[in-house]
Amino acid sequence: MRVLLIILFLYNCDIKKNPLAPNGPFGILSLNYNLSKVGDWSYKEPNVIYGVNTVITENKPNITNRAIVTNFSTKDTLPEGLLFNNSNGALSGIPTAEQTQKEYTIFANNSFFNEFYPTKLKITVGGFSYPNSPYSFQILRQVDIPQPTFTNITTDGLENFTISPSLPSGISINPTTGAMTGTAPQTSSNIVYTVSAKPKNSNLVWSTTLTIFIYQWVNEAYLKAPNAEIDDLFGSPVAIAGDTIVVAAEDEDSNQTTITNGLAPTGINGATNSGAVYVFRRNGTTWSNEAYLKAPNSNSGDRFGSSFSLSGDTIVVGAKGEDSNQTTITNGATASSDNSMGIAGAAYVFKRSGNTWSNEAYLKAPNTSTLDEFGGSVSISGDTIVVGASNEDSNQTTITNGSLASADDSALSSGAAYVFRRNGTLWLNEAYLKAPNSEGLDRFGNSVSISGDTIIVGANWEYSNQTTITNGTLSSSNNLALNSGAVYVFKRNGNTWSNEAYLKAPNAEADDEFGFSISISGDTIVVGTAKEDSLQTTITNGTLVQISDTGNNLSVGAAYVFRRTGSTWSNEAYLKAPNAEGGTGGNGDQFGFSVSIDGDTIVVGAANEDSLQTTITNGILVQASDQANNTSAGTAYVFKRTTGNIWVNEAYLKAPNSEGSDRFGYSVSISGDTIVVGAFGDDSLQTTITNGTLIQASDNSFNYFVGAAYVYVRK
């Protein structure tokens, strides 16, 4: 009987080599069932298109004589996220990466006889996505999310799109294209939505995610000095980086020469206009006092805090009235007590460890001279500081890389900028920057800003009538537009600085003072001209700016945006206030008195704007609500760069206790979704911080110039 069974068994077998299988127990030969007995097997779906990040419908083998197959295998690596069941050959799982069509070989095996029966399976993993996610839109603005991008999928076979959870009120998804449009009347936090696309005549569902944030600008805090007093000018400059805000009071009078980490300054008013700097820190949404900084050689008239800049855990503070004759850097906590060189100026570096601030360095110009006002402007990025001295008198027109600087004083107030670099904990001189067309009274260094390896320097009294950008090392030498102003771009390669561009306003005119305020973020520069006279109330995106000045010294103000591609700078936009107004004798709104940029958001201060409004306007419309009896209340305007490098109005910020002469917008700074605005003319004698939206109108209307700073967040 056993012999008969073996004969019958062999009768239904072929003895041959299986080229796809390893050698079996019979040497180079292995027993294989005749395929006609097993059947030419395949998968139920032999050519499939799966959706990335979408659960697939289990794909099982379609095979006859399943009893003779003991397991399944493949030597190929299946798409990421797919699971292969060795017992029954089924495919399941969630593909996690897109791929074009690929063919796989799957074996049905009989392990007893070491037999392998192959079939082919073609798999494509397609997907779709919204490539610009996350999306941020302001309330009451048009939402425009284009249809998604598809990979390895044809949209012809799609039945519809659905989304979960429901979109914010006012926004809808096009079920045919997947695009989303509408206008949201209310805010919503960052919400992750799942969009599903269903192919026709299929049980498959493809899906992707995107994030949508509907926001508005709101008040977050009202900052006051813990030792607030009349005429301190708290808020004259302000700066923010992340969760840290720094506010200066350059006319503060304390004779303290140490740092107070915490709340309470200890000095008395024995050093008139010595100046002080206050550090505030945010925890969640609550701001508190962190430190009170004073110069270690603080003296009357130093105006410590006349400028400052913040980067991470480092602050640099300028004191343009400091009088020391020192020409070297002091690394450490001390500073010169010499007062023999009036208004030479100095800069001080402070470093934070945890919540504790300490002195790190005392910076002086290597060619220190009387009345230079070194420290009148400062900026820091990482381990590099640039300090402006707009009254420096050298006639040099080249850059000095290294520690030296010209001792010539034949070009009165031509101006200079000095670069310092930190190595470990030591600060060193790196470069001495001069304008290539430097002349007396240009005031090169009136403003400075740095981002990475790029420095920009403003010369608000430069005289050239040029209205184009010069990319390269040259600058105009004509003097046909008195005080029109210019901005110079410098680039570092290694430790060497060189000229990169010379920027002028495309509608440059005499007395505009282009470069009075400047700010750079990456490859974008914004330049403020508080004395520009055009009454235009719209934004011009592009290079064309019409010369629409009235010539009546209205000081309406403007801001100009420049963009770098490679090493070439070009005009991107001309920003104007939507309620722009002028004033005789230069008493217009002065839009552009202060500017700040971070990424795709610009904030512009107009310290002389006169509106009585005490609320924020989110969106485009700003009413011209100026009042003759509310002169110089001040305001700040927020602009956003959208798709296609188009700039639009985003918000109109006002102090909730706005009053005349507050000069709200005298200084502005932005970091991420937070803006701080200084108002050195605020009259309140409050000495505590108000966290939240409620700020009492506690001004005394006596022009006390105590000062305040206001915090706004995009949420």
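**Entry 1. Terms and model**

I take a residue as buried when its relative accessible area is under 20%, as exposed when that area is over 50%, and as partly exposed in between. The model I consulted is a predicted one.

**Entry 2. Arg564 and Glu500**

I first looked up Arg564. Its relative accessibility is 8%, so Arg564 counts as buried. Its side chain meets that of Glu500 in a salt bridge, with an N to O distance of 2.8 Å. I then located the two partners: Arg564 belongs to strand β43 (residues 558–565) and Glu500 to strand β39 (residues 496–503), so the pair ties together parts that are 64 residues apart in sequence. Is Glu500 buried or exposed? Glu500 has 9% relative accessibility and therefore counts as buried.

**Entry 3. Further salt bridges**

I noted the general point that side chains of opposite charge can pair when their charged atoms come close. How many salt bridges does the count give? The count comes to 29 salt bridges.

I looked up Lys434 next. The side chains of Lys434 and Glu392 form a salt bridge at 2.8 Å, N to O. Lys434 sits in the loop between β34 (426–433) and β35 (444–451), and Glu392 in the loop between β31 (384–389) and β32, so this pair ties together parts that are 42 residues apart in sequence. I recorded Lys434 and Glu392 as buried.

I then turned to Lys576, whose side chain meets that of Glu532 in a salt bridge of 2.7 Å, N to O. Lys576 is placed in the loop between β44 (568–575) and β45 (591–598), and Glu532 in the loop between β41 (524–529) and β42 (540–541); the pair therefore ties together parts that are 44 residues apart in sequence. Lys576 and Glu532 are both buried.

I traced an open sheet of five strands, ordered β20-β21-β23-β24-β22, with antiparallel pairing. Which strands lie at the edges? The edge strands are β20 and β22 (260–261), each of which pairs on one side only.

I examined strand β20 (residues 234–241) for burial. Seven of its eight residues are buried, so β20 is largely enclosed by the rest of the structure. β20 runs antiparallel to strand β21 (residues 244–249), and five bridges join them. Among the residues involved, Ala241 has Thr244 in β21 as its bridge partner. The hairpin of β20 and β21 has two residues between the strands, and I noted that Gly242 there takes a positive phi near 65°.

I followed the sheet onward from β21. Six bridges pair β21 with strand β23 (residues 276–283) in the antiparallel sense. I found Phe280 of β23 opposite Ile245.

**Entry 4. Ser298**

I located Ser298 in the loop between β24 (286–293) and β25 (304–311). Its relative accessible area is 10%, so Ser298 is buried. What does Ser298 touch, not counting residues up to four places away in sequence? Ser298 touches Ser254, Gln256, Thr257 and Ser274.

**Entry 5. The sheet from β11 to β14**

I traced a second sheet, an open one of four strands in the order β11-β18-β17-β14, with mixed pairing. Its edge strands are β11 (135–138) and β14 (158–164), each pairing on one side only. From one strand to the next, the twist averages 25°. I checked the pairing of β14 with strand β17 (residues 188–199), which is antiparallel over six bridges. I noted Ala197 in β17 as the bridge partner of Phe161.

**Entry 6. Ala405**

I placed Ala405 in the loop between β32 (400–401) and β33 (416–423). Which residues does Ala405 contact, leaving aside neighbours within four places in sequence? They are Pro366, Asn367, Tyr418 and Tyr432. I noted the separation of Ala405 from Pro366: 39 residues in sequence and 6.0 Å in space, C-alpha to C-alpha.

**Entry 7. Trp461 and a nonpolar patch**

I ended with the surface. Leu412, Leu441 and Trp461 make a nonpolar surface patch of about 270 Å². I found Trp461 in the loop between β36 (454–459) and β37 (470–471).

Definitions and conventions. Residues numbered from 1 in each chain as written. Predicted model: local features only at pLDDT ≥ 70, side-chain atom pairs only at ≥ 80, totals over all residues. Heavy atoms only, no water. Patch = residues over 30% accessible without salt bridge, like charges linked within 9 Å, V, L, I, M, F, W, Y side chains within 5 Å. Areas by Shrake-Rupley, 256 points an atom, 1.4 Å probe, with all protein chains shown as cover. Salt bridge = Lys/Arg side-chain N within 4 Å of Asp/Glu carboxyl O. Pairing = 2+ DSSP bridges. Axes fitted to C-alpha atoms, helices over the stretch in contact; angles between N-to-C directions. Buried < 20%, exposed > 50% of the residue type's maximum accessible area, 1.4 Å probe, protein only. Contact = heavy atoms within 4.5 Å.
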